[in-house]
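Subject: Structure handover and notes

Hello,

Please find the structure below. My notes on it follow.

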Amino acid sequence: MRKRAVSEYVNFNFSELPKLWIPAIQLPPRSLSDANALNRNSPLQLPKLAKTCDDYDPRYLPDWMQDILDPGAYPNMNTYVSAVCSDDPEGAKNVLNAFLRQSTDKAEITKIIRSAFDINKKQSKYNEAIDVLTFGSTFDPTNITFPLEAAKLLNDLGNFEKEDEVLLNALNQTEFNTTILSKMLKSLERRNLLKKARAVLAVAYKRNQAALFEGALFEIRHGPSDSALFLVNKCAETSIEWKGNIYHEIVEYCSRRGLKDSVLKFSETGFKEVPSLFALCGFAIKYQSNKNDAINVYENSSETSQMSRPRLAPILATTLMALQDPQSAHNVFAHAIAISPPDQKSRLFYDAAVLSFIHSEMQFVQLLLAKGRNFCQKKSQLPFHIFRAKIQELSGFQNATAEANRIFKEVVQNYPEDWHSHLEYILFLSRHKHIPDAIRALNNVLSSMPDNGRLLALRIQLESPEKQVEAFINAIHAAPKSGEVWLEGARISLNPLSPYFNLKDARLFLDFAHVFTPQYLDIFVEYARLEMLDHGLYGNFAQLQDKFINSEGNQGTVFFRFRKVGKEFFKEEFEEMIKGVREDIKRNYKVYQHAIARSAFVPQSLKDELERMEKDKENAPSFAFGISNFGQKGNVMDVLGTSVAFL
């Protein structure tokens with residue numbers, strides 16, 4: 001990588017900061033506690049593995065710790081262990097202090113401090129463990145592992161105020177080291193303390209210009225577009241050496257927002273600076289409107305790194321398919337499969353099968369799946385079998401459903417320990433209205449996986465409306481940190497036929513769901529429904545769009561109805577989701593209108609609608625999955641679901 005000169009000092013200028021940072025600079029940089037921060041009342045309980053030094057079994061200790069406890073190597077450490085186990089913190093501190101003063105080697109000091117920290121933590125002496133790391137910093141203030149370990153333990157214990165204090169002290173001692181800065185920003189982000197994070201960034205930038213890059217990444221994740229792009233351009237003007245991940249984050253940010261010129265500019269620059277980041281070329285390929293240009297980008301990346309071909313082939317093939325050149329797409333896959341190592345061939349075969357299915361090239365799909373299975377071990381063949389069953393289900397052939405049922409049963413029998421196999425089979429049964437069978441199968445798997453959030457959420461969906469709340473409460477007790485379960489609480493609150501319809505409760509549950517499982521994409525479908533019911537079908541979705549575009553993950557059920565292969569998390573995909581949710585609300589506007597109004601007067605037209613639903617129960621919307629017609633015939637993507645996520 002080409003080296004750039006590093007500026008040792010930069011004059012602080014408010015005009016160089018994005019507008020959002022300027023008010024934040026006025027906050028005291030040390031006052032980072034927040035009364036509304038999450039407070040975990042139950043501290044992390046670690047097992048006490050020993051009561052005396054003789055109880056420490058070497059089999060459960062790292063190699064370097066066994067050396068320290070070896071009397072022939074460091075006799076004083078055994079004395080320290082005895083002091084800790086006998087509840088003599090002052091004696092333990094004196095022993096450790098005397099021992100450290102005998103050593104001048106920083107690596108050895110780090111080794112001893114880590115040992116003392118682990119000993120105290122295993123004894124559940126958390127305050128003493130933190131003190132040991134603080135003590136170690138006095139011997140080696142430049143060692144960032146000490147404050148990082150202390151911050152991690154404090155975060156586990158829920159002591160966020162102390163965590164902020166430790167990290168801030170470390171920042172001051174290390175001239176605002178970017179690794180510590182990144183750790184602190186992520187801690188504040190998790191607690192939604194964005195204003196305080198910007199306060200830290202403003203101070204950090206004054207002390208270390210490299211903090212500008214962390215600020216750019218932060219605004220890419222949380223800021224409005226003008227602030228993020230302002231910092232991206234500022235980064236481009238600096239003389240500080242760029243890290244590879246910054247190129248990737250910036251290119252992905254610009255790509256999802258349709259900023260073609262910026263994507264091409266930063267991907268080309270980044271690939272030249274860091275040739276190992278051939279993934280940057282994938283973003284450039286997506287934005288080519290001419291097949292020859294797309295192939296040229298692919299070929300240029302391959303000249304630099306032959307490893308890039310298997311990784312970029314699916315992206316180029318998807319682009320060529322969109323440009324109406326299926327033969328070239330087939331050739332790209334064929335060549336990539338021929339030159340790729342055996343452990344990568346199966347993925348390429350799978351991607352080729354998915355792309356062929358999406359573009360109705362059914363004559364290739366089963367053959368590609370069969371070939372791909374030959375290149376992976378049994379435990380990796382599960383996605384192939386599930387996709388094969390779904391293709392059979394959608395084929396329309398005689399006895400297609402029975403054959404798909406047979407394949408799904410084989411999958412469950414061959415992969416009983418994998419919850420995905422059970423989930424797909426139960427969803428298959430529910431799509432074909434075999435609800436009692438689905439519930440029996442689900443209850444059976446939950447007996448061995450009682451805290452699986454995804455399966456518990458499906459149990460709520462399949463439950464009768466009058467029992468859904470009870471099932472939701474039981475699921476929360478079983479998996480309190482499952483975003484999938486909290487999402488079902490939101491769906492109950494957004495169900496217009498439910499007596500528990502409440503938009504305020506729905507927002508609370510959705511916020512919990514997003515905190516615990518942000519990668520579960522169905523959350524955004526329900527956020528969109530909530531916003532439309534709260535602020536109108538054509539309200540302002542800019543904030544939700546930013547949250548969606550900055551998301552990651554390939555988990556979900558309903559969301560994949562709106563998936564646009566090759567445009568994942570792009571603006572186009574978000575607009576497709578908004579359109580679909582809006583149409584569903586329009587289709588059921590009368591019952592939604594009544595649910596919101598909850599008035600004593602019920603119009604005759606609404607009575608007629610409710611009576612129609614009562615008579616035609618089989619085709620009436622259940623709203624269990626949010627979108628009222630989810631799983632009905634004709635919706636291919638409802639069946640495929642996460643099977644297209646591999647691409």
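Phe-384 is buried at a relative accessible area of 3% (buried means under 20% relative accessible area, exposed over 50%, partly exposed in between, with a 1.4 Å probe and protein chains only). This is a predicted model, in which local features need pLDDT of at least 70 and side-chain atom pairs count only at pLDDT 80 or more, while totals for chains, interfaces and linings use all residues. Residues are numbered from 1 along each chain as its sequence is written, and side-chain values use heavy atoms, with hydrogens and water left out.

Phe-384 sits in helix 21, residues 382-394 (helices are DSSP runs of H or I with at least four residues, numbered from the N terminus). Leaving aside residues up to four places away in sequence, Phe-384 touches Ser-346, Tyr-350, Leu-369, Gly-372, Arg-373 and Cys-376 (contact means heavy atoms within 4.5 Å). Arg-373 is 11 residues from Phe-384 in sequence, and their C-alpha atoms are 6.8 Å apart.

Glu-393 pairs with Arg-431 at 2.9 Å, N to O. Glu-393 lies in helix 21 and Arg-431 in helix 23 (residues 419-431), so the pair ties together parts that are 38 residues apart in sequence. Both Arg-431 and Glu-393 are buried.

The structure holds 23 salt bridges. Another one joins Asp-351 to Arg-347, with the closest N and O atoms 4.0 Å apart. These two are 4 residues apart in helix 19 (residues 342-358), which means a separation of about one helical turn. Asp-351 is buried at 1%, whereas Arg-347 is partly exposed at 45%.

The N to O distance is 3.6 Å. Glu-149 is partly exposed at 22%, as is Arg-114 at 26%.

Phe-176, with phi of about 55°, lies in the loop between helix 8 (160-173) and helix 9. Phe-176 is buried, at 1% relative accessibility. Asn-399, with phi near 65°, is in the loop between helix 21 and helix 22 (400-414). Asn-399 is exposed, at 57%.

Regards

Terms used:
Salt bridge = Lys/Arg side-chain N within 4 Å of Asp/Glu carboxyl O.
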